[in-house]
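Please look over the structure shown below before reading on. The report that follows goes through it part by part.

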Number of protein chains: 2
Amino acid sequence: MDYFSGRMSELVEQLAMLPGIGRKTAQRLAFHIVSMPEEKVEKLSSVLIETRKHVRYCADCCTLTDSERCPVCSSDRRDHSTIMVVETPRDLAAYEKTGKYEGVYHVLHGAISPMLGVGPDDIRLKELMKRLGGDVKEVIIATNSTLEGETTAMYISRLIRPLGIRVTRIANGVPVGGDLENVDEVTLLRALEGRTDL
Amino acid sequence: MDYFSGRMSELVEQLAMLPGIGRKTAQRLAFHIVSMPEEKVEKLSSVLIETRKHVRYCADCCTLTDSERCPVCSSDRRDHSTIMVVETPRDLAAYEKTGKYEGVYHVLHGAISPMLGVGPDDIRLKELMKRLGGDVKEVIIATNSTLEGETTAMYISRLIRPLGIRVTRIANGVPVGGDLENVDEVTLLRALEGRTDL
């Protein structure tokens, strides 16, 4: 890259700092960017800055949003007495896509991981606890089904249960439409344990 | 994405327009960008614009560069009587990395492709022809070993040979370090045809 342009090298450096963008991809992107119409590059550039400046955390659920409160938290058609706890805004988006969940959310922005040195104070747990006064009836823990997600689920349930609020965990089981033979053993056992009457 | 932020959606749109960046990658990048320190986003953003604004085509060889002439074309330690014709600045960079080529380059920014409707006027061929007055002794055609690259090589050689300038083509053959059994048949035949005495 240095063979022709110091600026190109700088752009490649910048792009290669983004997650999942290696040097080769960064080079390919840089070549594309210098061949784009100047207005399009200006647009991309300004959207980057504007998004970073204006996107913030919802005052209630801590998801990313453009305003003080996210659309879910500010809707009065949602059931504010049921809070689903998720790790990331993407998990929230995944549940919103189902169109069937009527409660609200709480986004932790991470999960407790002693291995990575992420403790309860490093995620948005205090913010969740603050919301539990009033008429919250159920907290559904929908953290990932990983070691960290399970640790976080256990930790939160121990904090909340003494408050007399129902704490539930989303089910493990065989994915709908999946072949049994492609499902791992732990999931198969969880699906068996969680069987329901027909 | 719309579930929480219109701005995030816009950023995802913008990122997803880049080549090789799908929707999922664009989302992942967008989430990363809103969590980056604001100065870093400003830096990325300004490098984008500045690079697009200031990078231009070398007045001689048409590669991308920050100045009127690229470092290779403005060096008097290079042999300006030998011009290697390549398709892209990346091909130029690949040959520069070898550190052994002492001539200069010409970057076509593409290859002739009747299939894609790319004709001789759509690549930087006129610019090459203009350089051939004076003391140019050899034109080495290093376009890709693809249908388009070969078509372009043939076309250029027919244009240049009448001028009494030597026209050569880089060799096809077995890659160094490669197992014969993994090399395709056409390459094997080319390697045989191009055999040299030991």
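How many bridges join strand 3 of chain B to strand 4 of chain B, and how do these strands run? Five bridges join strand 3 of chain B to strand 4 (residues 103-107) of chain B, and the two run parallel; strands pair if DSSP finds at least two bridges between them.

## Basis of the model

This is a predicted model, in which local features need pLDDT of at least 70 and side-chain atom pairs count only at pLDDT 80 or more, whereas totals for chains, interfaces and linings use all residues. Residues are numbered from 1 along each chain as its sequence is written, chains are lettered from A and ligands numbered from 1 in the order in which they are written, and side-chain values use heavy atoms, with hydrogens and water left out.

The average pLDDT of chain A (the predictor's confidence in each residue, from 0 to 100) is 89, and 97% of the residues score at least 70. For the complex, the predictor gives an ipTM of 0.72 and a pTM of 0.70. Where pLDDT is low, the predicted coordinates should not be read in detail.

## Chain A: overall pattern

Chain A has seven helices and six strands, these being DSSP runs numbered from the N terminus (helices H or I, at least four residues; strands E, at least two). Along the sequence they follow the pattern α-α-α-β-β-β-α-β-α-β-α-β-α. Of the 198 residues in chain A, 42% are buried, where buried means under 20% relative accessible area, exposed over 50%, and partly exposed in between (1.4 Å probe, protein chains only).

## Chain A: strands 3 and 4

Strand 4 (residues 103-107) of chain A is largely enclosed by the rest of the structure, because five of its five residues are buried. Five bridges join this strand to strand 3 (residues 79-86) of chain A, and the two run parallel; Val86(A) has Val107(A) in strand 4 as its bridge partner.

Together with helix 4 (residues 89-98) of chain A, these two strands make a right-handed β-α-β unit, a crossover being right-handed if, with the strands pointing away from the viewer, the path from the first strand over the helix to the second runs clockwise. Glu96(A) is found in helix 4 of chain A and is buried, with a relative accessible area of 13%.

## Chain B: strand 3 and its partners

Strand 3 (residues 79-86) of chain B is mostly covered, with six of its eight residues buried. In its pairing with strand 4 of chain B, the bridge partner of Ile83(B) is Val104(B). From strand 3 the chain crosses through helix 4 (residues 89-98) of chain B to strand 4 in a right-handed β-α-β crossover.

Strand 3 of chain B is also joined by four bridges to strand 5 (residues 138-141) of chain B, and these strands run parallel. Here Thr82(B) has Glu138(B) as its bridge partner.

## Chain B: two loop residues

Cys62(B), in the loop between strand 1 (56-57) and strand 2 (64-65) of chain B, has a positive phi of about 70° although it is not a glycine. Cys62(B) counts as buried, at 3% relative accessibility.

His109(B), which lies in the loop between strand 4 and helix 5 (125-130) of chain B, has a positive phi of about 55° and is not a glycine either. His109(B) is partly exposed, with a relative accessible area of 26%.
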